[in-house]
Amino acid sequence: MVENIKYSNKYNFAFIDESTKKEIRRKLLKAVAIPGHQVPYSSPEMPISRGWGTGGVHITLAIIGKDDIFKIIDQGSDASVNACNLREFINFMTGCKTTFDTAEATLIQTRHRITEEELKENQIIVFQVPLPEPLRMVERYEYKTLQMHAEADYSKMWVSLYESYVRYGAIMQGAGYPVMVNGRYIMSPSPIPRWDTPNLHQAKTLFLYGAGREKRLYAVPPYTDVEPLEFEDVNFEIEDFTDASCYKTGFKKAFLDELYADDGSRKYVISDSNFLDKVSEHQETHQYTNKYIDQLEEYDLERG
C-alpha cells in the first residue's frame, strides 16, 4: 500500500496553510508599500484566543523560515507566560531555533516594547496590536475613520491633544502615543511606552504590525520618517527617569519598570530582560544609545 505523502504530516510547516500564508504576505507587501496604512486581512483561526497575540503570530508564521532565529518578548521580558507559550508553540510548529539574545535573533515578536538594543537591517520585529485604529479615541464609527484617513483629515485628533493640554497642562497620552508616518498617515505604534516611540524614526529594521481581533495589518519600512504628534510650543516628551536608576546595575539610560515592596517602598529595574543581563555582565563595555536622549543631550550642550 502506497502511503499518501500529502497527508503524512500532522500539520503544515508553521501551522497555517500555504494559501493563507500567501494572502498574509501579499497584504504585508501592500502595507510596506503604503507605510502606516491599515490593510484588512483574513485573520485565520488559531489555537489561541484573539486578544492574546494572534495578529503577531499570524505575521510571524507567514514569514518565518527554517533558518530564522526567533525571539519573543512580552513587556520586555523573555520569561512571561505569554512569551513562553508562544515561543514554545512557534518552535514546535517550525523547528526554528529560538533565542533570548536580541542581537542573535533574525525575527522578533513583541508585545508592547521595542528592544533596548538598536535593531539592524537583517532583523524584523513583529508587534502584537490590540487596537490598530489611532482615531478610535476621537471617532467611534469605522466608516468615518476610513474616510478621515483617506482625506488625511486629522483635525479631531489635533483637537483632542489640544484639549488634553488645556485641561491638564500636558498631553495625557501615555502608551501608544500616535505618530505620523512618512508625512501621510497617523498610526498607532501599538501600546509601546513613549520611551520607545523615537526609536521608530529612520530605524534600520522593518516593523510589522498585526491586529488579529481587528483583522488589520500595517507596517513601517526601514529608514522611514515616524514623528510623534506635537505642537510647535508643546513638544513630545518621553517618560522621565531622571531621578531613577536600575537597582541591580545602576543603569539609567533604559526604560525602567517600577517595583513595589511589601513596606510600600519602590525601586526600578530595566524592563528589557536580555538587555538587563547584558548590562549586568558587561556594564563597562556595553554600548547603547537612545535617539531621543541623545538629541536632548546635544540640545543641552548647544545651550551651554
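In the predicted model, Y165 is partly exposed, with a relative accessible area of 34%. This residue is found in helix α5, which spans residues 155-168. Together with Y162 and V166, Y165 forms a nonpolar patch on the surface. The accessible area of the three residues together is about 310 Å².

Q173 lies in the loop between α5 and β6 (179-181). Its relative accessible area is 17%, below the 20% cut-off, and Q173 is therefore classed as buried. When neighbours within four places in sequence are left aside, the residues in contact with Q173 are M137, P178 and R194. Between Q173 and P193, the C-alpha to C-alpha distance is 9.9 Å, at a separation of 20 residues in sequence.

The sheet of the model is open and consists of seven strands in the order β1-β9-β8-β5-β4-β2-β3, with mixed pairing. Strands β1 (39-40) and β3 (97-98) are at the edges, each pairing on one side only. In general, the strands of a sheet pair through backbone hydrogen bonds, in either the parallel or the antiparallel sense. For strands β5 (residues 124-128) and β8 (residues 206-211), the pairing is parallel and extends over five bridges. Within this pair, V126 stands opposite L208 of β8.

Notes
Residues are numbered from 1 along each chain as its sequence is written. This is a predicted model: local features need pLDDT of at least 70, side-chain atom pairs count only at pLDDT 80 or more; totals for chains, interfaces and linings use all residues. Side-chain values use heavy atoms; hydrogens and water are left out. Two strands pair if DSSP finds at least two bridges between them. Helices (H or I, at least four residues) and strands (E, at least two) are DSSP runs, numbered from the N terminus. Patches are made of residues with over 30% relative accessible area and no salt bridge: like charges are joined within 9 Å, nonpolar side chains (Val, Leu, Ile, Met, Phe, Trp, Tyr) within 5 Å. Accessible areas come from the Shrake-Rupley method with a 1.4 Å probe; for residues, only the protein chains shown count as cover. A salt bridge is a side-chain nitrogen of Lys or Arg within 4 Å of a carboxyl oxygen of Asp or Glu. Buried means under 20% relative accessible area, exposed over 50%, partly exposed in between (1.4 Å probe, protein chains only). Contact means heavy atoms within 4.5 Å.
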